[in-house]
Amino acid sequence: MAADLEEKTDRYGALLAEALEEATIAPREGTPMADAAAECYEMAASYLEDGQHFRENDDPVNALASFSYGHAWLDAGARIGLFDVPTEGHLFTVE
């Protein structure tokens, strides 16, 4: 069981890091939607940092939760048009 948790935590951390690299803010700069996108992106990045902190402190449960929450911020933002993201592949559920 612990090995499954370790593997899943590593996989979700890598997934969030890759998703952050691929997502770009879609709305025009200076608009309220661009501000909302920036806030969502910041939340996702913060959850990545939190997850890495938990991982380094041998707390895979909270690391996994942080990585999952961070990816949820990006994925939800992508679905409502806050981010331009790849439509092919495993990073986002936009189609």
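User: Hi! What are helices and strands here?
Analyst: Helices (H or I, at least four residues) and strands (E, at least two) are DSSP runs, numbered from the N terminus.

User: Thanks! And what kind of model is this?
Analyst: This is a predicted model, where local features need pLDDT of at least 70, side-chain atom pairs count only at pLDDT 80 or more, and totals for chains, interfaces and linings use all residues. Residues are numbered from 1 along each chain as its sequence is written, and side-chain values use heavy atoms, with hydrogens and water left out.

User: Great. How many salt bridges are there?
Analyst: The count comes to three salt bridges. A salt bridge is a side-chain nitrogen of Lys or Arg within 4 Å of a carboxyl oxygen of Asp or Glu.

User: Why can side chains pair like that?
Analyst: Side chains of opposite charge can pair when their charged atoms come close.

User: Which residue does Glu6 form a salt bridge with?
Analyst: Glu6 pairs with Arg55, and their closest N and O atoms are 2.7 Å apart. Glu6 lies in helix H1 (residues 2-22) and Arg55 in helix H2, so this pair ties together parts that are 49 residues apart in sequence.

User: What other salt bridge does Arg55 make?
Analyst: The side chain of Arg55 also meets that of Asp10 in a salt bridge, at 2.8 Å from N to O. Arg55 is in helix H2 and Asp10 in helix H1, so parts 45 residues apart in sequence are tied together by this pair. Glu6, Asp10 and Arg55 are therefore linked in a network of salt bridges.

User: Is Arg55 buried or exposed, or in between?
Analyst: Arg55 is partly exposed, with a relative accessible area of 23%. Buried means under 20% relative accessible area, exposed over 50%, and partly exposed in between (1.4 Å probe, protein chains only).

User: What about Arg11 and Glu7?
Analyst: Their side chains meet in a salt bridge too, at 2.8 Å from N to O. Both residues lie in helix H1, four residues apart, which is about one turn of the helix. Arg11 is partly exposed at 43% relative accessible area, and Glu7 is partly exposed at 41%.

User: New topic! Where does Glu29 lie?
Analyst: Glu29 is in the loop between strand E1 (24-25) and helix H2 (32-56). Glu29 is exposed, with a relative accessible area of 75%.

User: How many Å apart are Glu29 and Leu16?
Analyst: Glu29 and Leu16 are 24 Å apart in space, C-alpha to C-alpha, and 13 residues apart in sequence.
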